[in-house]
Amino acid sequence: MGETYKVPVGPIHIALEEPVYFKVTVHGETVEHVDILSGFVHRGMEALVLRRNFLQNMIITERTCSLCSNNHPFTYIMAVEKIAGVKIPPRAEYLRVIADEVKRAASHLFNVSMLAHLVGFHSLMTQTMETREVLQDVKESIWGNRMDLGANTIGGVKYDLDKEQIRYLIKQLNSIKKPIRELAAIYRDNRIVRARTEGVGVLSKEDTLRLGVVGPTARGSGVNNDIRLIYPYAAYDKLDWDVVLEDGCDVRARALVRLREVFQAINLVEQCLKALPDGPVKTKGFPRIPKGEGVARTEAPRGELFFYVKSDGSSKPERMKWRVPTYLNWEALKVMMPGNKIADISVIFNSIDPCISCTER
Amino acid sequence: MITLSASSVFAYLLFPGGLFAVLFGLLLLSMGRIAVARFQGRVGPPIYQNIFDIIKLRVKEVLIPEDVTNKLMFCIAPVFGFVGMMTAIFILPVSGVYGGTGASSDLIVLIYLLALPAVSHILGGSASGSTYAAISVSREVILMFAYEISFIIVLFTVALAAGGGDGAQFSLKGIVDYQITHGSFISDIKMIPAFLAFVIFMLATLEVPPFHIAENDGDVMKGYLMEYSGMPLALFEITHALKLLVLITVLQVFFMPGIAGASIIVNLLWFIGKSAAVVACIAFIHASMPSFRVDQAFKFLMIVPILLSLMSLGMILFF
């Protein structure tokens with residue numbers, strides 16, 4: 001097979017969790033060019049939010065996507081709080097970080113388990129998912145839901161942790177440290193996993209900066225753009241942590257960033273639990289949202305999430321716009337994929353941790 | 001010389017070939033799936049799952065896509081592999097139970113028969129007109145080129161070893177008899193590299209990780225099976241089950257044909273037990289390995305099993 005031909009990957013394909021269509025031009029087994037077509041799961045959410053009031057929009061934004069479902073309402077609420085000039089109580093700041101980091105750990109574990117699935121290591125996938133299940137149990141026990149936590153509200157958080165819940169959280173987080181360490185060693189050192197991920201989907205530092213790539217995808221190329229550090233929100237500036245950076249620029253580096261961030265997330269939750277101040281978790285009543293504009297950024301599991309909210313003083317927003325990390329990252333696929341083999345397409349695609357339902361909302 | 005007698009028809013159609021082989025092969029497949037599931041912390045399917053799959057496919061409609069390039073080839077492709085495997089089971093002796101055909105050079109026939117399932121994948125896949133099938137077929141051809149070499153070296157090593165320093169023994173029955181009197185090859189240190197090479201060959205031809213490449217779900221979905229449905233697909237599944245059984249039987253003929261007693265029943269149970277143990281080992285490897293990419297697998301197959309089998313061949317020839 002010497003000549004060039006086209007392979008359709010998607011819109012419905014086993015390797016893709018969500019519908020997106022790659023038109024891959026292939027020479028032999030080597031990818032030459034990729035065309036990305038999207039728009040299969042557009043739900044018109046940006047129009048929908050204009051017909052709901054600020055409180056209802058917390059619920060809608062949470063349904064944008066399941067894996068980063070905490071970050072959407074979180075960022076939206078921060079933008080609204082900026083318009084209203086609300087200062088949330090310190091205890092709520094810490095509780096927001098706890099919800100965010102538990103979600104981040106679960107999301108990253110999900111992504112690396114998908115990587116294991118795509119390189120054909122199904123045992124590693126099931127083991128990673130089993131470890132993640134502990135976090136799902138934690139979410140269900142504390143927030144009452146396995147995916148949509150509903151943790152944040154305008155002016156604070158909707159939940160509080162009592163002593164027993166803190167004890168339970170610490171116990172569960174401790175119990176997954178050892179399995180994750182063992183799993184991380186397999187992702188890092190197993191020879192075939194290395195052969196399948198090392199040097200695959202290379203995205204150089206220059207390209208990362210040029211394309212504005214965000215999140216663990218960029219941090220795998222040594223670019224520090226962690227919003228938690230460069231534009232701190234909630235309690236992140238009060239905690240002791242460092243940005244995880246890898247300079248492999250390939251799929252392996254991105255997976256290692258995610259695995260190390262799982263440990264970091266556990267560490268951050270533990271720090272928060274230790275430093276948790278007393279006091280209320282929410283400001284009294286519901287603030288009136290005045291006329292104005294607000295912008296908020298957070299670090300979602302996939303990268304920077306950006307919300308713009310414009311209010312005309314009524315109960316509904318006049319305009320809302322959000323930019324999700326995958327929108328920036330999938331342009332980078334056109335740089336990552338050429339030169340790799342067909343078998344790597346899904347591995348590379350998974351390495352940006354794509355979220356199509358976020359991007360097409 | 002094989003003559004058409006009642007006993008050979010019985011052996012081809014009912015036992016140990018034919019019906020028995022199909023059912024036993026399907027059960028082995030299910031056992032493999034259950035073992036993999038247990039290694040992964042899952043429950044796995046019930047033991048009769050693969051038999052039910054065949055029964056289900058039997059009643060399903062056969063869909064032939066419009067852009068099939070060669071309709072006839074698409075329809076008859078599964079038959080080649082099936083017939084090849086049925087014949088392979090027929091000529092393979094099961095030590096203490098069934099003597100095979102007793103032909104003097106059936107070992108050579110085996111080389112051709114074992115290649116037939118892959119040929120039928122290649123014919124069916126390339127006739128189906130699907131891009132995924134085309135990619136998967138090209139991978140299968142690449143891998144086949146690599147693993148067949150080591151298989152043939154192993155085969156000649158076994159033939160030479162069974163000759164006992166007096167030429168080569170190309171009769172499967174002769175190989176079994178030699179080992180029953182002189183001890184199994186698996187206990188011979190000289191044959192261990194060849195045994196390992198054969199295991200790698202088995203994994204590659206069964207497309208078990210680390211060689212789950214040609215029909216890898218992650219990129220080419222089901223590959224050459226993509227457009228198949230109904231009875232032709234069932235035939236492919238049966239062929240796969242038979243291939244598993246054939247390879248396990250070949251493994252036993254080559255390396256561990258030991259018998260457990262004089263009774264046929266005891267020996268049959270011993271054969272079944274050994275087969276189940278081999279399936280469990282394959283399942284363990286399956287569960288503990290990721291898959292190579294095709295270029296990596298080709299490199300691996302061109303180096304490791306060939307070197308291993310050459311090592312055994314050298315030791316048999318010169319020591």
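Analyst: Two strands pair if DSSP finds at least two bridges between them. Helices (H or I, at least four residues) and strands (E, at least two) are DSSP runs, numbered from the N terminus. This is a predicted model, in which local features need pLDDT of at least 70, side-chain atom pairs count only at pLDDT 80 or more, and totals for chains, interfaces and linings use all residues. Residues are numbered from 1 along each chain as its sequence is written, while chains are lettered from A and ligands numbered from 1 in the order in which they are written.

User: In what sense do strand S2 and S3 of chain A pair, and over how many bridges?

Analyst: Strand S2 (residues 21-27) of chain A pairs with S3(A) in the antiparallel sense, over seven bridges. A:His27 is placed opposite A:Thr30 in S3(A).

User: What is the order of the strands in the open sheet of chain A?

Analyst: The order is S1-S2-S3, with antiparallel pairing. Strands S1 (4-9) and S3 (30-37) of chain A are at the edges with a single partner strand each, so one side of each has no neighbour in the sheet.

User: How are two packed helices described?

Analyst: They are described by the angle between their axes and the distance between the axes. Here, the axes (lines fitted to C-alpha atoms, for helices over the stretch in contact; angles run from 0 to 180 degrees between N-to-C directions) of helix H8 (residues 192-206) and helix H12 (residues 294-318), both of chain B, come within 7 Å and cross at roughly 145 degrees.

User: Which residues meet there?

Analyst: Among them, B:Leu196 and B:Ile200 are in H8(B), and B:Leu301 and B:Leu308 are in H12(B); contact requires C-beta atoms, placed from the backbone, within 7 Å.

Definitions and conventions. Contact = placed C-beta atoms within 7 Å.
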